[in-house]
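Trainee: I would like to learn how to read a few features of a model. Where do we start?

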Amino acid sequence: MALNVLIVDDSAVMRAIVIKTLHLSGLALGQVYEAKDGEEALRVLDENWVDLSLIDINMPVLNGVDLIDRIRQNPETADLSIIVVSTESSETRIENVQRKGVAFVHKPFTPETLREAILRATGVIDERKDSEGSISGGSFDF
Amino acid sequence: MNEKIAKALYRAAALTFEELGFMFPSQDLDPLQKFAPVDGVASVDFQGPCEGRLVVRLAGGVLPVLTANMMGELEAPSENMQNDAIGEIANIICGNLLPSLAGVKQVFHLDPPTTRPARDAVAPVTGLAPEAEVQIGLEEGRADILLFLTSSPGQQQ
């Protein structure tokens with residue numbers, strides 16, 4: 001089944017990096033949506049079916065923490081798989097975010113780190129890992 | 001200059017350029033790198049247990065190469081994307097540095113990055129000397145990372 005993915009980050013470059021990693025992850029991708037803040041993300045979620053969302057925390061208009069709260073409060077999106085991709089380094093704030101049932105990837109990240117988190121969040125079996133024994137020695141060509 | 005903070009600043013910046021920009025930093029700069037003209041400047045203001053500003057200056061043609069590397073493109077991306085890239089780099093370095101200033105439990109607020117013309121490369125915070133400053137050699141150019149503190153952790157708590 002192809003996954004529809006929503007990427008929420010106010011940096012267009014960071015959204016491009018995440019999209020590139022998604023395409024290299026081996027996931028069967030459906031639609032890939034982008035939003036530059038939480039309000040835009042809510043509009044995308046209102047109009048489209050999304051299976052996975054990668055969300056930054058520090059964004060204008062509606063930040064990532066408030067966005068996740070709104071997603072969890074809506075019965076239609078409450079079970080959405082979410083990965084927070086953020087520069088946040090405060091253990092206190094990271095633990096608070098993780099209590100909302102989301103995975104956390106810290107910036108900067110290697111493509112391998114993000115890919116592993118995406119595969120874990122979606123439950124997709126990593127075929128490359130199975131055939132090669134480990135992906136730690138491999139790398140993406142960006 | 002605070003050497004302990006400078007070391008943390010170097011680590012945070014080197015990791016960011018390596019992992020997101022696929023560029024390998026060097027600590028020894030040759031004259032070409034040292035005197036290369038500035039391509040772009042970005043800064044991030046932060047508030048929390050201490051307050052201040054982190055400034056990133058890229059010089060010697062590093063910015064277009066870094067942006068292309070980050071996006072996985074062969075051609076230099078647009079000026080808008082280059083501004084976005086240097087802002088994101090400043091944001092990430094700042095976010096990774098802050099635990100070194102006040103501990104991993106403390107919570108900071110980071111303002112959105114501000115990009116500035118290259119002519120504003122000098123004296124980004126008028127009247128203040130940087131608390132820490134590092135220069136990193138990247139390809140034919142360099143990155144200057146400067147940390148200014150307007151209040152120290154002790155003053156805020």
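Mentor: Start with how elements are named: helices and strands are DSSP runs, numbered from the N terminus. The model here is predicted. In chain A, the loop between β5 (103-106) and α5 (111-122) holds A:Pro108.

Trainee: Which kind of peptide bond joins A:Lys107 and A:Pro108?

Mentor: A cis peptide bond, with omega at about 0°.

Trainee: How do I read the angle between two helices, such as α2 (residues 38-47) and α3 (residues 64-73) of chain A?

Mentor: Angles under 35 degrees count as roughly parallel. The axes of these two helices of chain A cross at roughly 25° and come within 9 Å. That makes α2(A) roughly parallel to α3(A). The crossing is right-handed.

Trainee: Which residues of α2(A) meet α3(A)?

Mentor: From α2(A) they are A:Gly38, A:Ala41, A:Leu42 and A:Leu45; on the α3(A) side are A:Gly64, A:Asp66, A:Leu67, A:Arg70 and A:Ile71. The residues of this contact comprise five nonpolar, two polar and two charged.

Trainee: What is the phi of B:Phe22, and where is B:Phe22 found?

Mentor: B:Phe22 has a positive phi of about 50°, although it is not a glycine. Its place is the loop between α1 (3-21) and α2 (31-34) of chain B.

Trainee: Why does B:Phe22 count as partly exposed?

Mentor: A residue is buried if 20 or more other C-beta atoms lie within 10 Å of its own, and exposed if 12 or fewer do. B:Phe22 has 19 such neighbours inside 10 Å, so it counts as partly exposed.

Trainee: What about B:Glu139?

Mentor: B:Glu139 is not a glycine, yet has a positive phi of about 50°. In chain B, B:Glu139 lies in the loop between β5 (132-138) and β6 (141-151). With 17 C-beta neighbours inside 10 Å, B:Glu139 counts as partly exposed.

Terms used: Residues numbered from 1 in each chain as written. Chains lettered and ligands numbered in written order. Predicted model: local features only at pLDDT ≥ 70, side-chain atom pairs only at ≥ 80, totals over all residues. Helix = DSSP H or I, 4+ residues; strand = E, 2+ residues; numbered from the N terminus. Axes fitted to C-alpha atoms, helices over the stretch in contact; angles between N-to-C directions. Parallel < 35°, antiparallel > 145°, perpendicular 65-115°, else oblique. Left-handed = near helix turned anticlockwise from the far one by under 90°. Contact = placed C-beta atoms within 7 Å. Nonpolar A, V, L, I, M, F, W, Y, C, P; charged D, E, K, R; others polar.
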